[in-house]
Amino acid sequence: MFTLIKVKDYEAMSDEAFKVMKGVVADPKCVLGLATGSSPIGLYQRMIADHKENGTSYAEVTTFNLDEYVGLPKSHPESYYSFMHRNLFEGLDIREENIHIPEDGEDHDAKCREYDEAMQEYRVDLQVLGIGSNGHIGFNEPGTPFDSKTHIVTLKESTRKDNARFFEDDINKVPTHAITMGIDTIMHAKKVIIVASGANKADAIYAMMKGPVTEECPASILQKHPDVVVVVDEAAAAKL
Ligand code: F6R
């Protein structure tokens, strides 16, 4: 079930998302599912400000990130490991051992299994999601089975094009593969919040909320989740 919160712009979207987050982190031992990308950065800034100003502690919080590029070292500025530390973790008192980010290795299947096993010990209280312009969630591209667990994906050309802005606008520098939490895993979260801003998200938001539930739009499976808060700005909501 969707709760739609429509606001003016990115800043207002981040404010609304933070209100939801604040309710969840009131439990000091909560488990968060986290996303990278431009959409949640404002939310993360508000979490850091709240930690610094109000002392909200993350010392007992556990996090699981959605995805990571394959083939980029952790130290690369565009690895999701670097992104998360730069944009969130370094500003909080979270413990490094409570942070989980999927990681590929020589044995791909074993690495994916390891991530699912680590997650099975927990239940995500709030999963933060962005949405791709093609309706992807995590790096689950159109066509990904709804029952997928953590797996390695080949990124679609459209996704690599969208992300080229982080790689000197050169699509050839964008990795071709990623490791991502599967759709089934995402659906296990107790609550989901999806943040989207900008006109290039309008079709995907429409397809997610009003279109058929189809693997061609991975986010459409969220129609079957009991508790999804959708926070969108006017441009992203334009087709609703
Ligand atoms: C990132 C992720 C992706 C992004 C999506 C939107 O961890 O899983 O699904 O949420 O590509 O990206 P932005 O927010 O940069 O538009």
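Reader: Which residues lie nearest the centre of the largest pocket?
Author: T36, G37, S38, N163 and R165, out of 30 lining residues. This is a predicted model, where local features need pLDDT of at least 70 and side-chain atom pairs count only at pLDDT 80 or more, while totals for chains, interfaces and linings use all residues. Residues are numbered from 1 along each chain as its sequence is written, and side-chain values use heavy atoms, with hydrogens and water left out.

Reader: What counts as a pocket?
Author: On a 1 Å grid over the protein atoms alone, a pocket is an open set of points where a 1.4 Å probe fits, with protein on both sides within 12 Å along at least five of seven lines; lining residues have an atom within 4 Å of a point.

Reader: Which elements give two or more residues to that lining?
Author: α3 (80-87) and α5 (157-163). Helices (H or I, at least four residues) and strands (E, at least two) are DSSP runs, numbered from the N terminus.

Reader: Switching to rings. How many aromatic pairs are there?
Author: Six in the whole structure. Rings of Phe, Tyr and Trp (its six-membered ring) pair if their centres lie within 6.5 Å; planes under 30 degrees apart count as stacked, over 60 as edge-to-face and the rest as tilted. Y69 and F139 form a tilted pair, 5.8 Å centre to centre with 40° between the planes. Y69 is in strand β4 and F139 in the loop between β6 (126-129) and β7 (151-154), so this pair ties together parts 70 residues apart in sequence.

Reader: Are Y69 and F139 buried or exposed?
Author: Both are buried, meaning under 20% relative accessible area with a 1.4 Å probe, protein chains only.

Reader: What is the geometry of Y69 and F167?
Author: Edge-to-face, at 5.7 Å centre to centre and 80° between the planes. Ring pairs link Y69, Y80, F139 and F167 into a cluster.

Reader: Last topic, helix α7. Which of its residues are buried?
Author: A202, A204, I205, M208 and M209, in a helix covering residues 202-210. Seen down the axis, the buried residues of α7 fall within an arc of 165°, so they line one face of the helix; the arc is taken from the directions from the helix axis to the C-beta atoms.

Reader: What covers them?
Author: The cover includes β1 (2-7), β9 (191-196) and β10 (228-233), with contact meaning heavy atoms within 4.5 Å.

Conventions. Buried < 20%, exposed > 50% of the residue type's maximum accessible area, 1.4 Å probe, protein only.
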